[in-house]
Amino acid sequence: MIDVTVPGFGRLALTDLVCDFNGTLARDGKMLDQARLLLPGIARVVDIRIVTGNTFGSASEELRDCPCEVVLLRAKSQARAKKSLVERIGREHVVAIGNGRNDRLMLKTAALGIGVIGDEGLAREAAQACDVITRRIDEALALLLEPRRLIATLRG
Ligand SMILES: [Mg+2]
C-alpha cells in the first residue's frame with residue numbers, strides 16, 4: 001500500500017493501480033523498456049490492472065511476464081468501462097495512469113489520477129481530469145515509489 005498524507009489534498013491510501021496500455025505503457029503496441037523495468041517494483045506495493053482496447057492485439061503477449069492482471073475492453077464505451085473498473089475496486093484506493101481521452105473518467109474518478117504525455121501526447125480532457133501530469137511513464141511510476149515527490153507536487 002502507498003500511504004501518504006498530502007497537506008491540503010488529503011490522505012492517499014492506495015492499494016491498486018489501474019493503468020492504460022497503449023500510449024501510456026506501450027508505444028505502437030510494444031511495451032516500453034522503462035515500464036517493463038519498473039512494474040515489478042510497483043507490484044510489490046499495489047495490485048496492478050492494465051486496461052486496454054488491445055488496438056494492436058499485442059497486449060497479452062507483451063504483458064505475459066508482467067506481475068499484473070490484463071483487462072481487455074471491448075471497442076465500445078471504453079471510457080465508461082475504465083471508470084467502472086475503478087469504482088468496482090473502490091475509487092478511494094485507486095491510482096489511475098493514462099494518456100487518452102477515454103482515460104478521462106477513470107483519471108477523474110480515481111483518488112489519484114496521473115496523466116502521461118509520452119510519445120502519443122495527453123488528450124486535453126484527460127489532462128483536465130488528472131491530479132498530476134508527467135512527461136513519461138517512468139516518471140509517473142517513480143511518483144508511486146517516491147511518494148515525497150507527490151507531496152511536493154500536490155500540497156496546498
Ligand atoms: Mg492510451
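1. Basis of the note. Because the model is predicted, local features need pLDDT of at least 70 and side-chain atom pairs count only at pLDDT 80 or more, whereas totals for chains, interfaces and linings use all residues. Residues are numbered from 1 along each chain as its sequence is written, and side-chain values use heavy atoms, with hydrogens and water left out.

2. The magnesium ion. The protein donors are Asp-20 (OD), Asn-22 (O) and Asn-99 (OD1), which lie 2.1 to 2.2 Å from the ion. Donors here are N, O and S atoms within 2.8 Å of the metal (3.2 Å for Na, K and Ca), and sites may look incomplete since water is not among the atoms. Along the chain, the donors of the magnesium ion follow the spacing D-x1-N-x76-N. Asp-20 belongs to strand β3 and Asn-99 to the loop between β8 and α4, so the pair ties together parts that are 79 residues apart in sequence. Helices (H or I, at least four residues) and strands (E, at least two) are DSSP runs, numbered from the N terminus.

3. Buried means under 20% relative accessible area, exposed over 50%, and partly exposed in between (1.4 Å probe, protein chains only). Not counting residues up to four places away in sequence, Asp-20 touches several residues, among them Leu-25, Lys-82, Asn-99 and Asp-103. Contact means heavy atoms within 4.5 Å. The C-alpha atoms of Asp-20 and Gly-10, 10 residues apart along the chain, are separated by 25 Å.

4. Lys-82. This residue is found in helix α3 and counts as buried at 1% relative accessibility. Leaving aside neighbours within four places in sequence, Lys-82 is in contact with Asp-20, Val-51, Leu-73, Asn-102, Asp-103 and Met-106.

5. Helix α3. At 1.5 Å a residue, the 12 residues of α3 (residues 78–89) should span 16 Å, and the end C-alpha atoms are 17 Å apart, which agrees. The expected span is 1.5 Å times one less than the number of residues. Which residues of α3 are buried? They are Gln-78, Ala-79, Lys-82, Leu-85 and Val-86. These cover an arc of only 130° around the axis, which puts them on the same side of α3; the arc is that of the directions from the helix axis to the C-beta atoms. What covers them includes β3 (16–20), β6 (47–52), β7 (69–72), β8 (94–98) and α4 (104–109). The face of α3 turned away from the buried side carries the exposed residues Arg-80 and Arg-88. Just after α3, Gly-90 takes a positive phi of about 115°.

6. Helices α6 and α7. Helix α6 (residues 137–145) and helix α7 (residues 147–154) pack at an angle of about 100°, with their axes 5 Å apart. Axes are lines fitted to C-alpha atoms, for helices over the stretch in contact, and angles run from 0 to 180 degrees between N-to-C directions. The angle makes α6 roughly perpendicular to α7, a term that covers 65 to 115 degrees. The contact is made by Ala-142, Leu-143, Leu-144 and Leu-145 of α6 and Pro-147, Arg-149 and Leu-150 of α7.

Definitions and conventions: Parallel < 35°, antiparallel > 145°, perpendicular 65-115°, else oblique.
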